[in-house]
Amino acid sequence: MFKGQPKGLFALALANTGERFGYYTMLAIFMLFLQAKFGFEQAAASQIYAIFLAAVYFMPVVGGWLADKIGFGKCVVTGICVMFAGYICLSIPTAANGLGLTLMFGALTLIAIGTGLFKGNLQVLVGNLYDDPKYAAKRDSAFSLFYMAINIGAMFAPSAATAITNRFLGKAGLIYKADIPALAHQFMNSTITPENTEKLQGLMAQMPGEQIASMDLASFCPYYIEHLSSSYNMGFAVAVVSLVVSIAIYLGCRSWFKHADVNAKQAKSAEGAPAAELTPKQTKDRIVALCLVFAVVIFFWMAFHQNGSSLTWFARDYTQSTATGWTRIGFNIWALALIAASIYTLFGIFQSEKSTGKIACGIITAALWAGAYAIFAGLDNPLEIFPQLFQQFNPFFVVALTPVSMAIFSALASKGKEPSAPKKIGLGMFVAAIGYLVMIFASLGQQSPAQLAGTVSPDPVVPTYLMGTYLILTFAELLLSPMGISFVSKVAPPKYKGLMMGLWFAATAVGNYLSSIPGLLWKAVPLWANWAILMALCVIAGAVMFAMLRKLEAATA
């Protein structure tokens, strides 16, 4: 799967891996940070979260338009610098007042602008590598590998955020308890019930620090909120370090992909450089086809990006806080990393051309499995887990399943039966609907969020419901996201490449903003109703995509 790829792909993928590690470390705890520090209800917190995600994915439209004029590489480097400033601002601990809110919103603005300059344009550079006829046939597989590299960074992010949070809480004599932030804010706002006051006192008694024993609730609540919030700030600081790694890789390996850093204007002015030309009708048909695809994928991203909001709330409030049996291995990132690596070495056994390569891959695979089992055997049973850790399942599944999906599509392509990109997107929508069907079953019989009133469910479900949902959503993502990016890079008219890639992210932005709808409805409808809405929208969008299939395939042939 790696053989025959230009080395520029690996440099650009690794640069993106570092940036995505920092971004997803921040995102893993951002919703928890909003509610813990400022005491926001789900409706307000989900609006901030959704607007931020929308801005992050809308700004590539501006970044793409600018890159079409001044160049992709310039925008990528500028974007990293702007993001760097944003993450520094976000990692500064402040009071939960107007100044704190202003600094946070300013930081989020800088991160969104920087991402807009960086993300889409980096992916255009990847696509440009495959305009070379020598590599053209490997475009789809290249974007699958690129997408896998992104998710390596995302896979480690929740564990990094958790480790940093626990470290700084521990220094203050505290441990994380999911109930405490909401109950502490209820106490400080004088809205707490006698029953919840008693529960809060019981939770305070579980704190390991000796200094906590002498505190009353009036002292404990602001103390806990302050230290939990500042521990999240330290988690945000991880992104600052990861960006330094990204820019070092990008600049250090620039010679590997410098030839791809050419927009249509620069290609036309270069002596002897051929410029691809389309007729006005071809240009129009391609743009219309892309816009139709963009309209459909809005609903996928609306459903998919519940991982940082409603699915995290479900993990916190409705899922057991401990894992037992085999499920424990899913909450240790090093065990997951060994398992993911073993998938690639296992494929190496079959893909190696020499017997020595097959033997080496077999030995390494066995060693990786042995290491994963040793880690599993040493885990506590039951194992305490944190809500943000569920977010590592999706990137883990992407990394582990990428070679499987590439092998399946490669086999289909060799027989002339590989589905077109629009057909894969339509199938992805139906698969995503199945993921939320699982969540409906998980929610049956549970109290509504309004009935819980800031506490956790007295009868939480086992972690396997969320694990299964993330697995199914990953199948959908692999059908839709890397294939969609590859489709845009292939179909976009040359002079609008940056803008079209930006519009792909703009569709993601609209979906991200609409992802706030379950948050707005969180305390207004039964728990299962949120998942039913998402499931229905995925089914409708998938049906629309299949209804447009012939038109899309004809326009982009």
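**Note on the predicted model**

1. Overall fold. The secondary structure of the protein consists of 22 helices and 2 strands. Its radius of gyration is 24 Å, close to the 24 Å that the globule rule gives for 557 residues, so the protein is as compact as a globular protein of that length. The C-alpha trace spans about 80 × 55 × 45 Å along its principal axes. The model is a predicted one, and the points below should be read with that in mind.

2. Burial and surface. Of the 557 residues, 55% are buried. The protein exposes about 22,100 Å², and carbon and sulfur atoms supply 67% of that area. Among contacts between residues at least 6 apart in sequence, 85% join residues at least 24 apart.

3. In soluble globular proteins, nonpolar side chains tend to be buried together. Here the largest nonpolar core has 167 residues, and the members that touch the most others are Met26, Phe30, Phe220, Trp504 and Trp531. Helix 1 (residues 7–38) gives this core its largest share, 17 residues. For Phe30, the contacts beyond four places in sequence are Ile48, Tyr49, Phe52, Met104, Leu108 and Phe236.

4. Helix 6 and its cover. The buried residues of helix 6 are Ile180, Pro181, Leu183, Ala184, His185 and Gln186. Helix 1, helix 7 and helix 8 (217–236) are among the elements that cover them. Just after helix 6, Ser190 has a positive phi of about 60°.

5. Which residue does Lys199 meet in a salt bridge? The partner is Asp179, at 2.9 Å from N to O. Lys199 lies in helix 7 (residues 194–204) and Asp179 in the loop between helix 5 (139–171) and helix 6 (180–188), so the pair ties together parts that are 20 residues apart in sequence.

6. Other salt bridges. The count of salt bridges comes to 8. Side chains of opposite charge can pair when their charged atoms come close. One of the pairs joins Glu19 and Arg20, with the closest N and O atoms 2.7 Å apart; both of these residues are buried. In another, Asp131 pairs with Arg139, and the closest N and O atoms are 3.0 Å apart. Asp131 has 40% relative accessibility and so counts as partly exposed. Arg139, at 8% relative accessibility, counts as buried.

7. Leaving out residues up to four places away in sequence, Met467 touches Trp326, Thr327, Phe331, Phe390, Phe393 and Phe397. Ala370, in turn, is 97 residues from Met467 along the chain, and the C-alpha atoms of the two are separated by 23 Å.

8. Tyr465 belongs to a nonpolar patch on the surface, together with Leu437, Phe441, Leu444, Val462 and Trp528. The patch has about 550 Å² of accessible area in total.

9. A buried loop residue. Where is Gln446 placed? Gln446 sits in the loop between helix 16 (421–443) and helix 17 (449–452). At 15% relative accessibility, Gln446 counts as buried, because the value is under 20%. Apart from residues up to four places away in sequence, Gln446 touches Tyr318, Ser457, Asp459, Pro460, Val461 and Leu527.

Definitions and conventions: Residues are numbered from 1 along each chain as its sequence is written. This is a predicted model: local features need pLDDT of at least 70, side-chain atom pairs count only at pLDDT 80 or more; totals for chains, interfaces and linings use all residues. Side-chain values use heavy atoms; hydrogens and water are left out. Patches are made of residues with over 30% relative accessible area and no salt bridge: like charges are joined within 9 Å, nonpolar side chains (Val, Leu, Ile, Met, Phe, Trp, Tyr) within 5 Å. Accessible areas come from the Shrake-Rupley method with a 1.4 Å probe; for residues, only the protein chains shown count as cover. A salt bridge is a side-chain nitrogen of Lys or Arg within 4 Å of a carboxyl oxygen of Asp or Glu. Contact means heavy atoms within 4.5 Å. A nonpolar core is a set of buried Ala, Val, Leu, Ile, Met, Phe, Trp, Tyr and Cys residues joined through side-chain atoms within 4.5 Å. Buried means under 20% relative accessible area, exposed over 50%, partly exposed in between (1.4 Å probe, protein chains only). Helices (H or I, at least four residues) and strands (E, at least two) are DSSP runs, numbered from the N terminus. The radius of gyration is taken over C-alpha atoms; the globule rule is 2.2 Å times the number of residues to the power 0.38.
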